[in-house]
Amino acid sequence: MTRKQLIATACLGLLLLVAGIAAFLPQNHPDAQPNAFEPADLAWMLSASGLVLLMTPGLAFFYGGMVSKRNVISTMLQSFIALGVISLLWYVVGFSLAFGDSIGGVIGNPLTFFMFNNVGTAPHPRLAPNLPLVLFAAFQLKFAIITPALISGAFAERIRFWGYLLFMCLFSLLIYCPLAHWTWHPDGFLMKWGVLDFAGGTVVHISAGFAALAGALALGRRHSHREGHTHVPPNVPFILIGTGLLWFGWFGFNAGSALAANATAVQAFFTTHLASAAAMLTWMMIEAVRGQRPSAAGAAIGAVVGLVAITPAAGYVSYGPALFIGVVSAAISAGAVDLKNRTTLDDTLDVFPCHGVGGIVGMILTAIFAKEGGLATTGSWTLLLHHLGALAFISVFTFGGSYLLYKVTNVLIPIRVNATHEADGLDLSQHGETVLPAPHEALPVEPMIMMRA
């Protein structure tokens, strides 16, 4: 039996064990009282959860359009597979670690909601008093799913699939869940410190950005990157489709974080749209200023950067500051991408310059423009200083912790493909599939000449 078969056998055995425990373990799922909730809140939060779920396939298209044709399937699968892996982790223990009874404001008690025990249609008085707890858990699950998928863009075209799965599990349990607890649990120490993160600028994007930076360094450069080959996105329509799905889904991401169909959700909806629109135009103008032709890929990247940057601020700032956040974040991220391209760092799809830097800009500008406590709105420095302190701590934790997890993963399962597999492409070497036509499907030379003529 090969190493891969042993790993697969162990994973299948673990999955069967979890399924058996889930089926026969006595559990309590409290039911809500009749008419306990506002129907509008339920309808909106069910819709918002679906919209956030749509973002992960959107990210798959967004990333899949940027990589070489030999790595499209593997790159898209790295997003899709998170739907399965993180969902089961969240059910077993992830939700407990993120939102269980707080242990010192640092982590949730893993037994609080173990295997969704004590999770039902009844509300939780502190986490979401106006929603079924299971709906709140499902909504938060979608954030946990997309975060490791975002990271995958940094090491696209060179990571082993099984190594990626292991890292994803370790990152989710040891980095994402603690960070979500600190920031969003009522007893989390960053929450008590007053740090504002409306929808995940810190928990999702900054953590993914620094984990991506650590991954690019831990896995090293692609051979094509070492040889100085210029990479041009081969499938721009995929990028645009992915951007459209992300933009659409982001309304659930941000407006849904109001956890109700209320005025805050409406405000977050429009600030999200305005920031993304401004960022898209800014990115295209920067391309023109540099003497480049305005590109569809650039417009798409700019739009996503704007969505990233407004995420921590969406429900806390007004419309003018949202537009400003979009413009400034796009300009800074575009500069960060240019700076990265002048170095030897091989962050394949610019995850750190776009998501990491975009999240940092959004976090800082949230503290400046927040209606309550913002430097520009109240003249108080307290919130900004707290955000800067939290940013320093989170940066060290997510980068250092992720780098360590890559090293641990590599000891257990090698995470870097060999040179032959990298040259062949991960679609074939990791999955035995390809989007490239088989030799007998290629067009003959003469018709191709006639088509060009």
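A crossing of two helices is right-handed if the near helix is turned clockwise from the far one by less than a right angle. The model used in these exercises is predicted.

**Exercise 1.** Describe how helices α9 and α10 pack.

*Solution.*
Step 1. Two packed helices are described by the angle between their axes and the distance between the axes.
Step 2. For α9 (residues 236-255) and α10, the angle is about 140° and the axes lie 8 Å apart.
Step 3. Angles over 145 degrees count as roughly antiparallel, and 65 to 115 as roughly perpendicular. The pair is therefore oblique.
Step 4. Now the hand: α9 passes α10 in a right-handed crossing.
Step 5. Find the contact. α9 contributes Trp247, Trp250, Phe251, Asn254 and Ala255. Residues of α10 in the contact include Phe269, His273 and Met280.
Step 6. Sort the contact by class: nine residues are nonpolar, four are polar and none is charged.

**Exercise 2.** Describe the largest pocket and its lining.

*Solution.*
Step 1. The largest pocket holds about 1,400 Å³ of space.
Step 2. Its lining has 49 residues, and Thr230, His231, Val232, Pro233 and Thr348 are the closest to the centre.
Step 3. By class, the lining has 19 nonpolar, 17 polar and 13 charged residues.

**Exercise 3.** Which element gives the most to the lining of the second largest pocket?

*Solution.*
Step 1. The second largest pocket holds about 730 Å³.
Step 2. Its lining has 20 residues, with Cys11, Leu14, Val85, Leu89 and Cys169 nearest the centre.
Step 3. Two or more lining residues come from each of α1 (3-24), α3 (72-99) and α5 (161-184).
Step 4. α3 gives the most, with seven residues.
Step 5. Check the classes: 19 nonpolar, one polar and no charged.

Definitions and conventions
Residues numbered from 1 in each chain as written. Predicted model: local features only at pLDDT ≥ 70, side-chain atom pairs only at ≥ 80, totals over all residues. Heavy atoms only, no water. 1 Å grid on protein atoms, 1.4 Å probe; cavity = no way out; pocket = protein on both sides within 12 Å on 5 of 7 lines; lining within 4 Å. Points joined across faces, edges and corners; volume = space filled by probe spheres on them. Nonpolar A, V, L, I, M, F, W, Y, C, P; charged D, E, K, R; others polar. Helix = DSSP H or I, 4+ residues; strand = E, 2+ residues; numbered from the N terminus. Axes fitted to C-alpha atoms, helices over the stretch in contact; angles between N-to-C directions. Parallel < 35°, antiparallel > 145°, perpendicular 65-115°, else oblique. Contact = heavy atoms within 4.5 Å.
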